Amino acid sequence: MRILVFLAFLGLSGPLAAQVSNDPALDPTLDPTLDPALTKAIQAAQETLPIFLKHALIGEGGLQVSLPAGPNGAFEQIWVTPFRQRADGRYEGIVATDPQFALGLAAGSTVVFERADITDWSAVIAGRGYGYFSLRAVLHRLDPDKARVLNLFLAETPLPASWR
């Protein structure tokens, strides 16, 4: 179940999620401060965030953001879609999946967050996954057959050519 939640947080569902579920590398509670690959992924996502936000806010593709949340500072990826920037500069969106540990949040809840809280982003354009920095960081840890399935979904580069 935990893996399916992680795949849903990645925006993956249906047959694709079923093919890659039950892999311990896909854990939504992985603490990025303890994992150099995830720390690097978050940095890359945040570096490209201005480009993503420029396009996300004009509605290109299917877009999501993720936030760290949980009791006592625990880490859990929570995807938020759709989202918008508020007049006060913060962001607001709808929680896309049921968090396991984030108290008071459930799929469909509205959450308000700062730009600095965004740890990843994704866009699905023409059936290909862009962004997904966290997934890209753990892809090498997956069973090779599962990784192949995800590689079919992920675009070769995190940024669409039309965004560069």
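Reader: Where does Ser-134 lie in this model?

Author: Ser-134 sits in helix α4. Keep in mind that the model is a predicted one.

Reader: Is Ser-134 buried or exposed?

Author: The idea is to compare relative accessibility with a cut-off: under 20% means buried. Ser-134 comes out at 3%, so it counts as buried.

Reader: And which residues is Ser-134 in contact with, leaving aside its neighbours within four places in sequence?

Author: Those contacts are Leu-38, Ala-41, Gln-77 and Asp-120.

Reader: Let's do rings. How many aromatic pairs does the structure hold, and what describes a pair of aromatic rings?

Author: You describe a pair by the distance of the ring centres and the angle of the planes. There are 9 aromatic pairs in this structure. Take Phe-52 and Trp-121: their ring centres are 4.8 Å apart and the planes sit at 20°, so this pair is stacked. For that call, the planes have to be under 30 degrees apart.

Reader: Which parts does the pair of Phe-52 and Trp-121 tie together?

Author: Phe-52 belongs to helix α3 (residues 36-56) and Trp-121 to strand β5 (residues 120-125), so the pair ties together parts that are 69 residues apart in sequence. Both Phe-52 and Trp-121 are buried, too.

Reader: What about the rings of Tyr-132 and Phe-153?

Author: Here the centres of Tyr-132 and Phe-153 are 5.4 Å apart with the planes at 75°, so you'd call the pair edge-to-face. The cut-off for that label is over 60 degrees. Tyr-132 is in the loop between β6 (128-131) and α4 (133-138), while Phe-153 is in helix α5 (residues 144-153), so parts 21 residues apart in sequence get tied together. Tyr-132 is buried at a relative accessible area of 0%, and Phe-153 counts as buried at 10%.

Reader: Which residues do ring pairs link into a cluster?

Author: Phe-52, Phe-83, Tyr-91, Phe-113, Trp-121, Phe-133 and Trp-163.

Reader: Now the nonpolar core. Which residues of the largest one touch the most other members?

Author: The general idea first: in soluble globular proteins, nonpolar side chains tend to be buried together. The largest nonpolar core here has 27 residues, and Phe-52, Val-65, Val-80, Phe-83, Phe-113 and Trp-121 touch the most other members. Elements giving two or more residues to this core include α3, β1 (62-68), β2 (77-85) and α4. The most comes from α3, with 7 residues.

Reader: Which residues does the second, separate core include?

Author: That core has 8 residues, among them Leu-135, Leu-142, Phe-153 and Leu-154.

Conventions: Residues numbered from 1 in each chain as written. Predicted model: local features only at pLDDT ≥ 70, side-chain atom pairs only at ≥ 80, totals over all residues. Heavy atoms only, no water. Phe/Tyr/Trp six-rings, centres within 6.5 Å; stacked < 30°, edge-to-face > 60°. Helix = DSSP H or I, 4+ residues; strand = E, 2+ residues; numbered from the N terminus. Buried < 20%, exposed > 50% of the residue type's maximum accessible area, 1.4 Å probe, protein only. Contact = heavy atoms within 4.5 Å. Core = buried A, V, L, I, M, F, W, Y, C linked by side-chain atoms within 4.5 Å.
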